[in-house]
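Biologist: Please show me the model, and then we can go through how its chains meet.

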Protein chains: 2
Amino acid sequence: MRYVVIYDITDDNLRALVAETLKDYGLQRIQYSGFMGSLRRDELNSLLVDLKNLIKDLVENVQLFPMCDTCFKGKKEVGKPKKYEFKEGKDKIAYF
Amino acid sequence: MRYVVIYDITDDNLRALVAETLKDYGLQRIQYSGFMGSLRRDELNSLLVDLKNLIKDLVENVQLFPMCDTCFKGKKEVGKPKKYEFKEGKDKIAYF
């Protein structure tokens with residue numbers, strides 16, 4: 001199933017770790033704090049475990065939305081896509 | 001149809017204007033840069049016009065994903081919801 005994953009994470013290091021984790025699962029960045037890609041059920045379950053282990057009981061937030069083909073076809077976009085180049089190291093993250 | 005709207009807008013004033021616009025259409029904030037809510041077709045079309053008029057040809061980005069009931073039921077969330085209190089004035093935006 002295709003998923004859109006959006007996060008709202010204040011802590012810089014944690015945000016970088018979450019982004020790295022999403023990339024590890026093969027998701028593609030669609031915005032600064034948004035990723036999209038396909039996850040099998042076992043991958044989704046594993047990702048949720050990894051995210052819970054990262055976020056623990058912090059007031060940080062990740063939301064994952066499944067997106068069927070019909071929904072995906074109805075996607076709209078306004079504005080130009082941005083180019084993202086990140087150094088995904090724990091201690092520094094650059095945003096161009 | 002229910003929509004998830006996410007934006008990645010660097011310009012502070014423009015970001016505040018986009019947030020205000022989404023609120024004007026009755027959408028609810030689900031993250032710092034994410035809203036959700038129901039839009040009729042005419043509301044969606046009007047919102048797209050408003051967003052295009054705001055963003056013009058800037059390298060700023062808004063994405064709108066329709067979300068059917070089945071997709072919505074599969075939504076997952078990790079972490080705690082944040083409380084957002086914004087002053088949506090053009091010139092200042094506060095994030096608590």
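This is a predicted model: local features need pLDDT of at least 70, side-chain atom pairs count only at pLDDT 80 or more; totals for chains, interfaces and linings use all residues.

Biologist: What area is buried between chain A and chain B?

Modeller: The contact draws on 39 residues from chain A and 39 residues from chain B. Carbon and sulfur atoms give 60% of the area buried between the two chains. The total is about 3,500 Å².

Biologist: Which three residues supply more of the area that chain A buries against chain B than any other three?

Modeller: The side of chain A that touches chain B takes 39 residues of chain A. Of the area that chain A buries there, 20% comes from three residues, more than from any other three. They are A:Gln31, A:Lys76 and A:Val78.

Biologist: Which element gives the largest share of the side of chain A that touches chain B?

Modeller: At least two residues each come from strand E1 (2–8), strand E2 (28–31), helix H2 (41–55), strand E4 (61–66) and strand E5 (76–79) of chain A. By class, that side has 24 nonpolar, 6 polar and 9 charged residues. The largest share is 6 residues, and the element that gives it is E4(A).

Biologist: Which residue is the bridge partner of A:Val78 in E4(B)?

Modeller: E5(A) and strand E4 (residues 61–66) of chain B run antiparallel and are joined by 4 bridges. In E4(B), the partner of A:Val78 is B:Val62.

Biologist: What relation do chain A and chain B have?

Modeller: Chain A is superposed on chain B with an RMSD of 0.0 Å by a rotation of 180°. The shift along the axis is 0.0 Å. Therefore the relation is that of a two-fold axis.

Biologist: Which residue of chain A comes closest to the rotation axis?

Modeller: Both copies use the same surface, with 100% of the contact residues of chain A recurring in chain B. By C-alpha position, the residue of chain A that comes closest to the axis lies at 3.5 Å from it. That residue is A:Met67.

Biologist: Which side chain does A:Arg2 join in a polar contact of 3.4 Å?

Modeller: A:Arg2 is found in strand E1 of chain A. Not counting residues up to four places away in sequence, A:Arg2 touches several residues, including A:Met36, A:Phe65, A:Met67 and A:Phe72. The polar contact of 3.4 Å is with the side chain of A:Asp69.

Technical notes. Residues are numbered from 1 along each chain as its sequence is written. Chains are lettered from A and ligands numbered from 1 in the order in which they are written. Side-chain values use heavy atoms; hydrogens and water are left out. Contact means heavy atoms within 4.5 Å. Buried area is the accessible area (1.4 Å probe) that two parts lose on being put together, summed over both. Ala, Val, Leu, Ile, Met, Phe, Trp, Tyr, Cys and Pro count as nonpolar, Asp, Glu, Lys and Arg as charged, and the others, Gly among them, as polar. Two strands pair if DSSP finds at least two bridges between them. A polar contact is a pair of N or O atoms within 3.5 Å; within protein, one must be able to donate a hydrogen and the other to accept it, and residues adjacent in sequence count only if both atoms are side-chain atoms. Copies are superposed by least squares on the C-alpha atoms of residues with pLDDT of at least 70 in both.
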